[in-house]
Amino acid sequence: MNPKERSGPYKANIAVDLLNSVRRPGRSSRWKERLAQMASQELNELKAHASPVNKLLPSLICRSLSSWESILQVKLTRLKQAKEEAEREVKLYHSNMEAAHQKKISETSGSSGSNVKRLDEETAMRIQSLKESASRVSSDVVAMLIKHVTAVEA
């Protein structure tokens, strides 16, 4: 029976029969030697290509670490500067607000002596203006009172 004519659950036998008819490399010791020789050649080639990289790698790592360290130092100094600037701005804002508050307090309350003096002057001016207006109309008021008191109504 030809392996190609097989059918049913034995289809996998076709591949097995074909593999058995081909000489497998593992059966010969020369093949193993050749494979080892090729592997060692490939390994040597990889080592040859990797050696320049291996030589450069530590310096690249050091350079990258030093560049990262310098970047971190720059960032840290900038953060310190930003913190100092923020503290200065806060102090300036606080002093401005404190000055405005003190000014408002001095305007509203001030020293009690100056407020009392100012109020006394305003009161004296009002009293003087009332006396002047009273003196102008006092003769008219007296005449009106006399007229109403002396007038007899029937």
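Of the 154 residues of the protein chain, 1% count as buried, where buried means under 20% relative accessible area, exposed over 50%, and partly exposed in between (1.4 Å probe, protein chains only). The model is predicted, so local features need pLDDT of at least 70 and side-chain atom pairs count only at pLDDT 80 or more, while totals for chains, interfaces and linings use all residues. Residues are numbered from 1 along each chain as its sequence is written, and side-chain values use heavy atoms, with hydrogens and water left out.

**Whole chain.** Helices (H or I, at least four residues) and strands (E, at least two) are DSSP runs, numbered from the N terminus. The chain exposes about 14500 Å², of which carbon and sulfur atoms supply 62%; accessible areas come from the Shrake-Rupley method with a 1.4 Å probe, and for residues only the protein chains shown count as cover.

**Confidence.** Next, colour by pLDDT, the predictor's confidence in each residue, from 0 to 100. The mean for the protein chain is 76, and 67% of its residues reach 70 or more. Select helix α1 (residues 12-21), where confidence is lowest, at a mean of 48; helix α3 has the highest, at 87. Over residues 10-22 pLDDT stays under 50, and the model has six contacts beyond four places in sequence for them, a contact being heavy atoms within 4.5 Å. Where pLDDT is low, the predicted coordinates should not be read in detail.

**Salt bridges.** Side chains of opposite charge can pair when their charged atoms come close. With a salt bridge defined as a side-chain nitrogen of Lys or Arg within 4 Å of a carboxyl oxygen of Asp or Glu, the count is two. Show Glu-85 and Arg-78, which are joined at 3.8 Å, N to O. Glu-85 is partly exposed at 33% relative accessible area, and Arg-78 is partly exposed at 42%.

Then move to helix α3 (residues 112-150), where Glu-122 and Arg-118 lie four residues apart and are therefore separated by about one helical turn. Their closest N and O atoms are 3.3 Å apart in a salt bridge. Glu-122 is partly exposed at 35%, as is Arg-118 at 41%.

**Nonpolar patch.** Finally, select Val-137, Val-141, Met-144 and Leu-145, a nonpolar surface patch with about 340 Å² of accessible area together. Patches are made of residues with over 30% relative accessible area and no salt bridge: like charges are joined within 9 Å, nonpolar side chains (Val, Leu, Ile, Met, Phe, Trp, Tyr) within 5 Å. Val-141 is found in helix α3 and is partly exposed at 39% relative accessibility.
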